[in-house]
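Let's take a walk through a protein together, one piece at a time. Have a look at the sequence and the model, and then read on.

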Amino acid sequence: MYPEIGQIGPIHIHSFGLMVALAFLTANYLFTKEVKRRGYSEEIASVATMFAFVGGLVGAKLFHLIENYQEFLADPVDAIFNPGGLTFYGGLILSIVMIYIYSRRKKIMFMTLADAAAPSLILAYGIGRIGCQLAGDGDYGIPTDLPWAMGYPNGYVSTLAAKNPEL
């Protein structure tokens with residue numbers, strides 16, 4: 001587990017953020033190639049990716065706040081600006097809505113864009129999940145003593161927490 005992989009001057013490079021950036025760049029590259037292959041402008045892919053990026057981050061945070069509304073009510077400013085707490089399907093839903101509206105305005109069939117984006121979205125999701133694994137962000141399951149298990153004693157949610165509630 002490597003939540004922080006380096007530093008450039010005062011800027012800390014976090015593994016999750018780096019992997020999300022890599023995921024978007026990779027997905028945009030492949031999506032642009034596929035959109036161009038289908039006879040559309042590269043601008044269509046770039047704008048759709050931008051909507052996916054904005055919708056993904058805003059939707060992921062928004063759905064996390066809805067799911068954890070008590071945390072939001074207790075401290076709204078911290079809940080909104082805390083870098084943690086992103087729900088994938090919230091980002092996916094808002095991104096889909098934004099790209100749907102964009103495709104309607106451009107008079108492009110939404111399903112054509114969705115079909116072109118699917119392979120790059122799958123790859124981007126996988127790259128993002130590697131970022132979760134590197135960060136040790138608490139989505140790795142319950143503690144186990146199986147021989148192939150991986151431990152995250154220093155993760156955001158320690159794998160030792162279930163064995164020792166004081167952690």
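Starting at the N terminus, the elements of the protein follow the order β-β-α-α-α-α-α-α. That comes to six helices and two strands, where helices (H or I, at least four residues) and strands (E, at least two) are DSSP runs, numbered from the N terminus. Before going further, please note that this is a predicted model, in which local features need pLDDT of at least 70 and side-chain atom pairs count only at pLDDT 80 or more, while totals for chains, interfaces and linings use all residues. Residues are numbered from 1 along each chain as its sequence is written, and side-chain values use heavy atoms, with hydrogens and water left out.

Let's begin with the strands. E1 and E2 pair in the antiparallel sense over four bridges; strands count as paired if DSSP finds at least two bridges between them. Gly6, for example, has Ile13 in E2 as its bridge partner. The two strands form a hairpin with two residues between them, and Gly9 in the turn has a positive phi of about 60°.

Next comes helix H1, residues 15–37.

Which residues of H1 are buried? They are Ser15, Met19, Val20, Ala23, Ala27, Phe31, Thr32, Glu34 and Val35. Here buried means under 20% relative accessible area, exposed means over 50%, and partly exposed lies in between (1.4 Å probe, protein chains only). Their cover includes strand E1 (4–8), strand E2 (11–14), helix H2 (42–67) and helix H6 (110–135).

Some of these residues take part in a nonpolar core, a set of buried Ala, Val, Leu, Ile, Met, Phe, Trp, Tyr and Cys residues joined through side-chain atoms within 4.5 Å. The largest one has 12 residues, among them Phe31, Val35, Ala45, Ile99 and Leu113. H1, H2, helix H5 (88–105) and H6 each supply at least two residues of this core, and the largest share, five residues, comes from H2. Leaving aside neighbours within four places in sequence, Ala45 is in contact (heavy atoms within 4.5 Å) with Asn28, Phe31, Thr32 and Val35. A second, separate core of five residues includes Met19, Ala23, Ala124 and Ile127.

Now for the aromatic rings. The structure holds five aromatic pairs. Rings of Phe, Tyr and Trp (its six-membered ring) pair if their centres lie within 6.5 Å; planes under 30 degrees apart count as stacked, over 60 as edge-to-face and the rest as tilted. Phe24 and Phe53 form an edge-to-face pair, 4.9 Å centre to centre with 85° between the planes. Because Phe24 lies in helix H1 and Phe53 in helix H2, this pair ties together parts that are 29 residues apart in sequence. Phe24 is partly exposed at 26% relative accessible area, and Phe53 is partly exposed at 36%. Another pair, Phe88 and Tyr125, is tilted, with 4.4 Å between centres and 55° between the planes. This pair links distant parts of the chain, with Phe88 in helix H5 and Tyr125 in helix H6, 37 residues apart.

Finally, step back to the whole protein: buried residues make up 28% of its 167 residues.

Conventions: The expected span of a helix is 1.5 Å times one less than its number of residues.
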